[in-house]
Amino acid sequence: MRIATTAAEKPLAPGIRERIRKGWYTFSQNPLSVVGAVIIFLVVFIAFFAPFISPYPEHAGNFVDFDNASQPPGKTHLFGTDVFGRDILTRVFFGFRLSLIMGVVVISLTAPVGVTLGLIAGYKKNTWVETLIMRITDIFVAVPPLILALAVAAILTPNIFNSMMAVSLMWWPWYCRMVYGIASSLKNEFYIQSAEVTGASTLHILFREILPNCYGPVFTKVSLDMGWVILLASALSFVGLGAQPPTPDLGTMVADGGKYMPDQWWIAVFPAIAIMFVVFGFNVMGDGIRDMLEVEKG
Amino acid sequence: MERTILRAHNLKKYFHTKRGVVRAADGVSFTINEQETLGLVGESGSGKSTVAYTVMGLYPSTSGELSFKDRDITDSTKKRSKTLKQDIQIVFQDPGSSLNPRRTIRQILELPLQVHNTVPKKERVDRITKLLEMVELPVDFMYKSPPAIGGGERQMIAIARAMATNPSFVILDEPTSALDVSVQAKIINKLIELQKGLNLTYMFITHDLSLMRNMASRVAIMYLGKICEIAPTSEFFRNPLHPYTQMLLSSIPVVSEQEESLKPKKIVSTGEIPSPVDVPPGCSFHLRCPRRMEICSRIDPVMVTPSKNHQVRCHLFPGAQK
Amino acid sequence: MKKKLLDIQNLEVGFTVYGGYLRVLNGVYFDMVEGEKVGLVGETGCGKTTTAKSILKILPVPPARTTCGTIFFKGKNILTMSKNEIRNIHSHEISMIFQDLTAALNPVFTIGDQLMTAIKYSNFRYGMSKREVRKKAIQALKEVQLPDAERILENYPVQLSGGMRQRICIAMALATRSTLLVADEPTTSLDVTIQDQVLRLLGALIQEKDTSTILITHSLGLVREWTQRVYVMYAGVMVETANTAELFKNPLHPYTKGLMAAVPKLTGEGIAAGIEGRIPDYLHPPSGCRFNPRCPEAMDICKKEKPPYFDCGDSHKTACFLYRD
């Protein structure tokens with residue numbers, strides 16, 4: 001029996017650059033995903049640098065200029081102005097900020113909670129733990145989102161923060177369900193059983209063995225969800241439950257602009273296109289992410 | 001003097017499902033001595049994997065005795081001691097799913113070291129390197145993931161993982177069934193080498209009788225949860241007594257005339273293998289047995305010992321009617 | 001002398017993947033006459049399934065690419081056939097039994113649905129009525145010795161055992177009365193006794209219908225029992241071919257010899273060491289003979305030139321410079 005005597009030289013670190021390159025290759029196989037990625041990059045860039053790149057940054061706040069109100073799209077105001085004389089292009093740029101923040105906040109709250117509960121419920125299938133978690137999930141799923149948000153808003157004051165809470169409340173169960181499905185099917189895989197007989201702790205099995213196998217579906221869902229959350233938030237703002245004036249919010253802008261259709265169409269149409277733009281971007285990017293993270297069984 | 005390391009007596013494992021009671025293992029008795037290899041042969045539904053997993057602790061047994069190094073191990077792993085977990089290891093059948101595709105080889109091999117803390121943290125990479133060298137794999141495999149390497153190599157990793165805790169008893173559940181012949185040869189030779197070098201005892205499960213002929217010191221053949229015949233290898237192949245054994249042996253495809261002459265006369269198998277939910281009454285094999293008698297459909301035979309160390313469970317042999 | 005049914009000449013097929021181009025089939029030669037049972041033996045990754053799929057023209061065309069070669073079936077080149085002609089071939093001439101049973105049968109349709117669809121399409125030109133199709137389906141199931149054929153038609157694949165499902169796939173393949181049957185590892189997932197039964201049955205049916213068969217497998221033992229002629233494949237090349245009995249008595253190519261040695265024997269003489277090395281990386285295959293890095297008898301010329309076929313007796317050919325005569 002050969003006894004290893006050679007001291008191992010530090011083996012080369014994994015090719016992280018190689019993995020990124022391969023990831024990009026898979027992602028870019030679908031040209032639409034690349035379009036999505038470009039769109040999102042653009043939107044993030046705009047949102048981040050809004051104060052510096054918008055033509056009239058002060059229009060994002062309390063600003064009135066009735067002389068310039070309701071101008072159609074033209075040279076000085078690319079998207080025109082609204083009834084208060086505020087530049088719509090600027091307000092759309094700032095509106096992106098709000099939308100993205102809402103998406104990020106909601107998903108940062110709901111994904112971890114939903115995923116963790118799903119892992120626990122799936123792994124502990126056929127025990128009271130699973131029953132408890134999944135029935136609570138069922139309750140939340142059964143309530144229509146908008147109604148829940150309206151109810152929450154009725155109790156609390158309508159503002160961005162509260163509407164984000166409302167959206168979060170009805171969002172986490174979907175992560176839970178998805179991960180529950182994956183975890184319960186993986187529970188009987190040999191590598192999980194191997195970890196069990198080795199004596200690994202439940203925490204290890206949940207987060208180190210099962211969770212990495214959920215990355216694909218979870219991150220795909222995150223990408224698609226960004227679009228949905230933004231849409232839902234816009235809907236809430238549309239009914240007056242989201243951002244309050246004068247904060248530029250895409251949904252609110254569409255709502256306000258709706259009153260002036262079809263003569264001053266630009267007040268509602270441009271924010272609406274902006275919403276479509278960002279949601280579309282996240283949707284198609286989600287396909288590419290799914291392809292990139294798919295587990296090869298070899 | 002050979003000591004018995006594992007002893008099973010009338011071991012039973014039943015599963016209660018919606019369709020009925022699955023008698024996966026139905027009164028299995030055997031012993032394994034140190035540094036020996038017991039081969040367990042059988043087709044689907046025979047219960048060989050169930051026996052292995054019960055010994056491993058993946059399930060608690062339903063009834064019967066099971067002892068390892070004279071200590072009772074009828075509990076499942078949840079209740080077993082850490083030393084026991086280190087001492088009994090298993091290599092699973094399908095290399096595709098016995099390694100987590102989302103982890104690196106290093107993480108996979110590090111887990112047993114982490115859990116049992118046999119090696120301090122800074123020495124772990126070293127130990128992993130030695131494990132990789134032991135199975136003759138390049139050291140830079142540490143940073144790869146299972147899908148990036150071939151089936152044979154994955155199985156080598158599974159073997160390395162089993163050896164990581166210095167066990168004394170290793171269960172090998174069809175370790176090469178999914179692999180090509182040339183890769184299988186490498187793995188089997190490595191297993192034999194490791195057995196000698198590390199003084200291991202093996203429980204080797206396979207449906208490939210030719211492989212068993214070259215690997216096991218004793219062979220037990222199972223059918224629908226019961227052992228039909230058990231004997232030392234050369235005796236088992238030279239003089240198969242049970243009709244099922246003869247049927248199996250006559251069905252295996254071989255590659256030379258010489259081997260053909262060693263096979264028993266051709267017994268054509270008929271009928272489907274029944275499911276362990278639906279075990280026929282009397283001798284579980286009687287529906288497919290070419291030599292069945294009237295008594296076989298009524299009474300289940302018991303194990304008898306027609307010759308030294310050679311046990312068989314069949315009414316063809318006197319004493320089985322108890 | 002019987003006519004050549006299938007004649008593959010110098011077939012080269014590759015796949016475009018991340019990192020480059022996998023040159024899998026590197027000049028495949030294969031032929032058979034009507035009524036023959038030919039075995040194609042090789043290990044995982046050698047290209048046997050790629051060859052089979054090329055014959056049926058069911059390779060996904062990007063990323064697969066056929067860069068060279070011809071596949072003549074009954075005198076016409078499959079590679080240049082139109083879509084209609086190919087469809088005709090699938091319905092009436094060539095059928096395939098796939099390796100992966102779970103993939104071959106659709107879990108959401110009953111056996112009856114699938115079997116009758118297969119029969120209906122293969123008999124399109126005869127225009128059978130529904131009742132006739134159903135009768136034929138029951139007859140097909142009876143031919144493969146499945147009891148209670150009527151009930152099975154109503155079952156879903158998941159309700160049946162592996163052996164039964166495989167027999168249904170055989171029934172589906174044979175019900176179409178094809179000239180050529182390509183069986184890709186038809187019994188790998190089955191138990192030994194069931195495998196024996198299924199192959200016995202297949203053998204009888206093939207005999208009865210005089211169907212030519214290509215049996216693709218990695219099991220040398222199976223090939224020895226069930227075929228008349230064998231091709232041994234390695235890394236996209238047929239390295240040796242001979243009549244079955246001759247191949248087992250006198251294997252010539254070092255790969256064939258290594259393979260035979262690695263098979264565990266009932267004689268109990270221990271297991272040979274296997275073959276050094278791994279199958280080649282198709283992105284950068286070795287130059288010359290693709291087996292040379294692993295060959296215990298490699299010579300200088302093996303690394304430089306690709307060996308042609310050398311005749312070594314009655315129908316016995318091997319692509320190895322050792323036999324340059």
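Trainee: How many residues of chain B are in contact with chain A?
Mentor: Chain B brings 33 residues, and they touch 24 residues of chain A. Keep in mind that this is a predicted model.

Trainee: Which elements of chain B give two or more residues to that side?
Mentor: They are helices of chain B: α2 (82–87), α3 (95–98), α4 (105–116), α5 (124–134) and α7 (181–198).

Trainee: And how do the residues on that side of chain B divide: nonpolar, polar, charged?
Mentor: On the side of chain B that touches chain A, 15 are nonpolar. Nine are polar and nine are charged.

Trainee: What about the contact between chain C and chain B? How many residues does it take from each?
Mentor: Chain C gives 35 residues and chain B gives 32.

Trainee: Which elements of chain C give two or more residues there?
Mentor: Three helices of chain C do: α8 (192–209), α9 (220–226) and α11 (254–262). By class, the side of chain C that touches chain B has 15 nonpolar, 13 polar and seven charged residues.

Trainee: New topic: chain A. At what angle do α10 and α12 of chain A cross?
Mentor: Roughly 175°. Helix α10 covers residues 215–238 of chain A, and helix α12 covers residues 266–293 of chain A. Their axes come within 7 Å.

Trainee: So are α10(A) and α12(A) roughly parallel or antiparallel?
Mentor: Roughly antiparallel. An angle over 145 degrees counts as that, and this pair crosses at roughly 175°.

Trainee: Which residues meet there?
Mentor: From α10(A), they include Tyr215(A), Phe219(A), Leu224(A), Ile230(A) and Leu231(A). From α12(A), they include Ile275(A), Val279(A), Phe282(A), Ile289(A) and Arg290(A). By class, the contact of α10(A) with α12(A) has 13 nonpolar, seven polar and one charged residues.

Trainee: Back to chain B. In what order do the strands of its open sheet run?
Mentor: The order is β2-β1-β4-β5 in chain B. That makes four strands, and the pairing is antiparallel.

Trainee: Which strands stand at the edges?
Mentor: β2 (20–33) and β5 (71–72) of chain B. Each has a single partner strand, so one side of each is left without a neighbour in the sheet.

Trainee: How many bridges pair β4 with β5(B)?
Mentor: Two. Strand β4 of chain B is residues 63–68, and its pairing with β5(B) is antiparallel. As for who faces whom, Phe68(B) has Arg71(B) in β5(B) as its bridge partner.

Trainee: How many helices and strands are in chain B overall?
Mentor: Chain B has 11 helices and 12 strands. Its radius of gyration is 20 Å, close to the 20 Å that the globule rule gives for 322 residues, so chain B is as compact as a globular protein of that length. Along the principal axes, the C-alpha trace of chain B spans about 70 × 50 × 45 Å.

Trainee: What share of chain B counts as buried?
Mentor: 52% of its 322 residues. As for contacts in chain B between residues at least 6 apart in sequence, 61% join residues at least 24 apart.

Trainee: Now chain C. How many helices and strands?
Mentor: There are 12 helices and 12 strands in chain C. The radius of gyration of chain C is 21 Å, close to the 20 Å that the globule rule gives for 325 residues, so chain C is as compact as a globular protein of that length.

Trainee: What box do the C-alpha atoms of chain C fill?
Mentor: Roughly 65 × 50 × 45 Å, along the principal axes. Buried residues are 46% of the 325 in chain C.

Notes. Residues numbered from 1 in each chain as written. Chains lettered and ligands numbered in written order. Predicted model: local features only at pLDDT ≥ 70, side-chain atom pairs only at ≥ 80, totals over all residues. Contact = placed C-beta atoms within 7 Å. Nonpolar A, V, L, I, M, F, W, Y, C, P; charged D, E, K, R; others polar. Axes fitted to C-alpha atoms, helices over the stretch in contact; angles between N-to-C directions. Parallel < 35°, antiparallel > 145°, perpendicular 65-115°, else oblique. Rg over C-alpha atoms; globule rule 2.2 N^0.38 Å. Buried ≥ 20, exposed ≤ 12 C-beta atoms within 10 Å, placed from the backbone. Pairing = 2+ DSSP bridges.
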